[in-house]
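Okay everyone, thanks for coming. Have a look at the model on the screen, and then I'll walk you through it.

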Amino acid sequence: MPAKYFPTHGHLLVCQGPNCQARGSALLHRALWNHLERASLAYYKRGGTLRLTESGCLGSCSFGPSLCVYRAAPGGGLEEAWYAAVDFPLAARIAQAVHEQAPLPAEHQYGPDGQG
């Protein structure tokens, strides 16, 4: 039997490096997972479009928990955004924006396209 394909709008990765875990990233991942399930945003739910994965270090070790999102860019290609000091309300807003294919929150972004 072939594997089932689930189309997605984006992929969220929550850092599980030691510094982020010390700042609550394991709890953030669990809370975000539960939110995606309850809100039917998880890719395997009817109407859901998001994947959520634990990741290794995302580079903002002193400012965790860190979250990274990848999604298809409007004109083609890949859009990515990196976030530091993520709490659950921000993670939920990011997830909702990815699901709705809306602009991503600028709050707490870092890296080449974000602040910091």
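Predicted model: local features only at pLDDT ≥ 70, side-chain atom pairs only at ≥ 80, totals over all residues.

Let's start with a hairpin: strand 3 and strand 4 make one, with five residues between them, and G76 in that turn has a positive phi of about 105 degrees. Residues are numbered from 1 along each chain as its sequence is written, and side-chain values use heavy atoms, leaving out hydrogens and water.

Back to the strands. Strands 3 and 4 run antiparallel, joined by six bridges; two strands pair if DSSP finds at least two bridges between them. Strand 3 (residues 67-72) also pairs with strand 1 (residues 10-15), again antiparallel, over five bridges.

Now the rings. Phe, Tyr and Trp (its six-membered ring) pair if their centres lie within 6.5 Å; planes under 30 degrees apart are stacked, over 60 edge-to-face, the rest tilted. That gives four aromatic pairs. One of them is Y43 with Y44, edge-to-face, 5.1 Å centre to centre and 90 degrees between the planes. Ring pairs also link W33, Y43 and Y44 into a cluster.

Then there's W82 with Y110: their centres are 6.3 Å apart and the planes are at 70 degrees, so it's edge-to-face. This pair links distant parts of the chain, strand 4 and strand 5, 28 residues apart.

Methods
Helix = DSSP H or I, 4+ residues; strand = E, 2+ residues; numbered from the N terminus.
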